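Subject: Structure handover

Hello,

Here is the structure I said I would pass on. My notes on it follow below.

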There are 2 protein chains.
Amino acid sequence: MKMNKVAVIGVGLTKFGELWDQSFSDLFVEAGANAIVDAGIDGKDIDAIYLGNMSGGRFIEQEHMASLISDQAGLNPAPATRIEAACASGGLAVRQGVIAVASGMHDVVVVGGVEKMTDITSERVTQTLITAADQEWEAFLGMTFPGVYALIARRHMHEFGTTREQLAAVSVKNHANAKDNPHAQFRFDVTVEQVLGSTMVADPLTLLDCSPITDGAACIVLASPEKAKEFTDSPVYITGAGQATSTIALHDRERITVSDATINAAKAAYKMAGKGPEDIDVAEVHDCFTIAELLAIEGLGFCEIGEGGPFTEEGSTARGGKISVNTSGGLKAKGHPVGATGVAQVVEVVLQLRGEAGKRQVDADVGLTHNVGGSGGTAAVHILEK
Amino acid sequence: MKMNKVAVIGVGLTKFGELWDQSFSDLFVEAGANAIVDAGIDGKDIDAIYLGNMSGGRFIEQEHMASLISDQAGLNPAPATRIEAACASGGLAVRQGVIAVASGMHDVVVVGGVEKMTDITSERVTQTLITAADQEWEAFLGMTFPGVYALIARRHMHEFGTTREQLAAVSVKNHANAKDNPHAQFRFDVTVEQVLGSTMVADPLTLLDCSPITDGAACIVLASPEKAKEFTDSPVYITGAGQATSTIALHDRERITVSDATINAAKAAYKMAGKGPEDIDVAEVHDCFTIAELLAIEGLGFCEIGEGGPFTEEGSTARGGKISVNTSGGLKAKGHPVGATGVAQVVEVVLQLRGEAGKRQVDADVGLTHNVGGSGGTAAVHILEK
């Protein structure tokens, strides 16, 4: 397909963490205000809003959130649309925003992502997150998400010789990056020994292999290239947008150690942008568990299938390595407010491409974001360029 | 804005009702198969799927539904995206499908809507439906949706002299239409006396003023005009697509007897299509309660504000009246599987424009659909033409 490129002219985030004194709409409004100030636009310039949110209905007993946040941000009557695809809700919201601008339907679109996860018990959070899996064939039988990814990790270790230490290396790297990110939930280093020695969650994954439960919001402002010129001399462009679906339930997949949705979404995005994995300098990928980052960098073509463990352990994905992966700290250490994550990934890559990433800045002209729903039932990949 | 028109080349429905022996994915697959057969296309022709669903998370403990139904319908790896805006989820999914085709991003898109509402108790259904209102300021205080619309009805009666009998006339008309619709949940006549004498739900609204709890799915196939020619000589075109947001909570509105979201969405759709209310021959409007149909026909410009009661009572919205409204039976009598409703409305208008509406056929060249989220926090309006 042919599509016009779309400019990102503003980005905004809240702090990620356990934010007990902020409601979900407080979070959206804060991130949105930051993005609007960054873009230098006014509320009246905004033609439409897309909101990524996984489960307002279960986390805070609120559906119809896009309308509510639009109202609370003073943006009525602009169309406001919620997009849901579990933990890929944000990435899909970005894609719908891109399509809305590229189609000529709207000139300036705000894409937000928000999740308020800490208002309910962690047991109910676990029950809610597993609604991203196949309820009838996985959740009802007792499966949890750490359990799903533990099965994948164990099989990856069996097939490719991936080691426990290599998984831990993902966590160590991402914590080191988060330390330099003022918005991150966990701003401290961990060692391989600490990861291995932390509480077992689902063998072989320990607590420090898992992303946390997080409140937070992220927001970006998209515009047509012509419109963008009114507001900035140096927009970042989204030049590729790919999305793919794969089987949700693990038992229905031909192979569980490879993410077909990631591969297909990446193929579409690379083709649209006329780029390949060798062109990518910086990437935010979906590391909800350490094993997920290995599947991501393999599926995106940064290394061969099965080689993610050694590739990470040797430092190729560290800041300033062959390709800088999850400079923000990733889901693991920046935090993972599920519906916000896909939008927050774009925020980080835009900051990197603008040279505004502070202490975690790397040298980058082309970036990529990769957002996954469930254990790979959905994937969204975007390519961004200066 | 300028947008290419988009063709509807196939439509499909399930029966609407209490369908205890069918799961939500059974429903989607049945409606989808009907639409695909109607379009004469094959699964491999489908580039993307949009799914309208209000609350899979609460009704059946399943989020990430678009990916799941895409898998179960054999459509992987095509992008599958769920759209949510309470009872307007289906209408917004249609609009996203229209944008996706008009943008050139996809050539053939399936838009489905599905809701499986009868797997939980009716008390929990009520608790779930009210998540479409403002949870913090309406639901937590004990408000239910019949209560919200009862307040609007009482005020409409006070301001405009609307009578209880005029409200009942909406129900009588829509039941008469549903009798001729083989997919409808309630295929029987009711009288004004029966509506007035049925169980009080929220004064002044009785049971027969309220749409029911329904399982069901609807599906349409959209294509670019060029692509449509490969499959049909007589497509129906969507020539206008409008969406607007308004305040969710009643107490924040300047006036509660007028739906600003409806007015703004209609304005956008009419402008895009180059049409006005006087051009519309047949319309499916959002009659979740009888009072809602009055707000709809007033906001859409079929009659003056406040005149919906007499306009309905005199038969102007009956089949073959000035404008035929809810020939399908509407939400009231066809049934209201919330996420499916906005898509099912398009199905009915397409059948009418094609001359395939059987016993309920009216003379029509231009049709309109109108789908509302909550008590008017969101509205979507589409214009369809032969």
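Chain B is superposed on chain A by a rotation of 180° with 0.0 Å of shift along its axis, at an RMSD of 0.0 Å. That is the relation of a two-fold axis. Within chain B, S103(B) has the C-alpha nearest the axis, at 1.9 Å from it. Both copies use the same surface, since 100% of the contact residues of chain B recur in chain A. Please keep in mind that this is a predicted model.

Next, the domains. Chain A is assigned two stretches for each of its domains: 6-121 and 214-236 make up domain 1, while 133-212 and 239-385 make up domain 2. Taken over C-alpha atoms, the centres of domain 1 of chain A and domain 2 of chain A are 23 Å apart.

Where the domains meet, 36 residues of domain 1 of chain A are in contact with 34 residues of domain 2 of chain A. On the domain 1 side of chain A, at least two residues each come from β1 (6-13), α4 (89-102), β4 (108-115) and β7 (216-223). The largest share of that side is the eight residues from α4(A).

What is the make-up of the side of domain 1 of chain A that touches domain 2 of chain A, in nonpolar, polar and charged residues? That side has 21 nonpolar residues, eleven polar ones and four charged ones.

Regards

Conventions:
Residues are numbered from 1 along each chain as its sequence is written. Chains are lettered from A and ligands numbered from 1 in the order in which they are written. This is a predicted model: local features need pLDDT of at least 70, side-chain atom pairs count only at pLDDT 80 or more; totals for chains, interfaces and linings use all residues. Domain bounds come from an automatic or database domain assignment. Two residues are in contact if their C-beta atoms, placed from the backbone, lie within 7 Å. Helices (H or I, at least four residues) and strands (E, at least two) are DSSP runs, numbered from the N terminus. Ala, Val, Leu, Ile, Met, Phe, Trp, Tyr, Cys and Pro count as nonpolar, Asp, Glu, Lys and Arg as charged, and the others, Gly among them, as polar. Copies are superposed by least squares on the C-alpha atoms of residues with pLDDT of at least 70 in both.
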